[in-house]
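Hi,

Here is the structure I promised to pass on.

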Amino acid sequence: MTVHKVSGLADQFYVGGYDLPGAVNALDKIACPVAPWDAPPIRQVAAARGFGQRDGGIDFTTLMLIDSAGPADVTGNLKALPTADVIGTYAMAAGAMAAGNPGACILARQVGYDPTRDNKGFLTLKVSLQANGYGMEWGKQLTAGLRTDTAATAGAFYDDGAATAFGGQAYFQLTAFTGTSVTIDIQHATTSGGSYVTTGLTSQAFTAAPGWQRVAVPNTTTIDEFLKVVTTGTFTNAVFSVVFCRNSVAGVTF
């Protein structure tokens with residue numbers, strides 16, 4: 001195995017269907033902690049701990065940008081402090097954007113949009129995404145960052161190494177759209193040139209952007225080695241990302 005270091009240059013970040021890297025100054029935290037619980041037997045002289053609830057969080061710093069009309073919320077809906085869940089997706093470039101690169105995803109509540117001005121006049125805003133219901137997940141990008149389709153398209157296959165029988169989760173982010181509707185589907189086959197069918201990881205029919213969705217299949221579902229992202233619908237422009245989280249063991253619960 002060859003190990004090499006990579007920088008965070010050219011990484012991408014999406015929240016609630018908005019493409020944010022041009023406005024995000026830093027990702028301050030990407031965390032997926034597990035709360036331990038104490039369970040020592042009476043004969044044991046030291047602590048014994050098991051895994052408890054999973055959690056997750058992504059904290060980031062945004063810039064205040066100005067357009068011709070004055071201060072602009074170029075970071076989408078952040079300043080509205082939405083009360084519903086949103087999805088955050090961190091897409092690593094790892095030197096160059098490509099299918100198979102790591103992606104960190106979280107279904108979360110947005111907490112804060114707090115400005116900070118330093119003594120040099122640098123104005124930034126702090127935002128925190130705190131996991132709600134599922135904890136943060138690391139997966140693989142099945143699109144090279146954001147993919148643009150101008151019509152219904154079957155993408156190139158990605159070889160994920162091996163099939164598994166434990167299901168998985170998918171995170172969809174739609175950042176731009178023109179048309180009637182688009183549905184995004186992860187399909188699989190046993191060979192690269194085989195007959196591809198849906199894994200069950202299929203988005204809703206999006207009719208506008210921004211849009212986002214987390215989809216899961218039961219953890220007894222077989223997902224084959226070769227994967228494709230396929231779009232269907234009537235549209236002339238759809239810009240989206242897909243991150244796939246394959247469960248590697250049985251009994252995964254959320």
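Below are my notes on the aromatic pairs, the charged side chains and the nonpolar cores.

First, the ground rules. This is a predicted model, so to speak: local features need pLDDT of at least 70, side-chain atom pairs count only at pLDDT 80 or more, and totals for chains, interfaces and linings use all residues. Residues are numbered from 1 along each chain as its sequence is written, and side-chain values use heavy atoms, with hydrogens and water left out.

Aromatics

A search of the whole structure turns up four aromatic pairs. Rings of Phe, Tyr and Trp (its six-membered ring) pair if their centres lie within 6.5 Å; planes under 30 degrees apart are stacked, over 60 edge-to-face, and the rest tilted. One of the pairs is Phe13 with Phe60, edge-to-face at 4.9 Å centre to centre and 70° between the planes. Phe13 is in strand E1 (residues 12–15) and Phe60 in strand E6 (residues 57–63), so this pair ties together parts 47 residues apart in sequence. Strands here are DSSP runs of at least two residues, numbered from the N terminus. Both Phe13 and Phe60 are buried (buried is under 20% relative accessible area, exposed over 50%, partly exposed in between, with a 1.4 Å probe and protein chains only).

Phe157 and Phe226 have ring centres 5.8 Å apart and planes at 70°, so they are edge-to-face too. Phe157 sits in the loop between strand E13 (147–149) and strand E14 (158–159), and Phe226 in strand E18 (residues 226–246), so parts 69 residues apart in sequence are tied together. Phe157 is partly exposed at 42% relative accessibility, while Phe226 is buried at 11%.

Charges over rings

The test is NZ of Lys or CZ of Arg within 6 Å of the ring centre and within 35 degrees of the ring normal. Arg214 lies over the face of Tyr134, 3.7 Å from the ring centre. Lys228 has its charged end over the ring of Tyr196, 4.4 Å from the centre.

Salt bridges

There are eight of these, counted when a side-chain nitrogen of Lys or Arg is within 4 Å of a carboxyl oxygen of Asp or Glu. Arg109 and Asp85 form one, with the closest N and O atoms 2.4 Å apart. Arg109 belongs to strand E10 (residues 102–117) and Asp85 to the loop between strand E8 (70–72) and strand E9 (86–91), 24 residues apart.

Asp160 has two partners to look at. Its closest N–O distance to Lys140 is 2.8 Å, and to Arg246 it is 2.6 Å. The Asp160–Arg246 pair links the loop between E14 and E15 to strand E18, 86 residues apart. Through shared partners, Lys140, Asp160 and Arg246 join into one network. Asp160 counts as buried at 11% relative accessibility, whereas Lys140 is partly exposed at 32%.

Nonpolar cores

A core is a set of buried Ala, Val, Leu, Ile, Met, Phe, Trp, Tyr and Cys residues joined through side-chain atoms within 4.5 Å. The largest has 21 residues, and those with the most contacts inside it are Leu142, Val182, Ile184, Ile186, Leu201 and Val242. E15, strand E17 (211–217) and E18 each supply at least two of its residues. A second, separate core of 18 residues includes Phe60, Tyr113, Val127 and Met136.

Cheers

Definitions and conventions
Helices (H or I, at least four residues) and strands (E, at least two) are DSSP runs, numbered from the N terminus.
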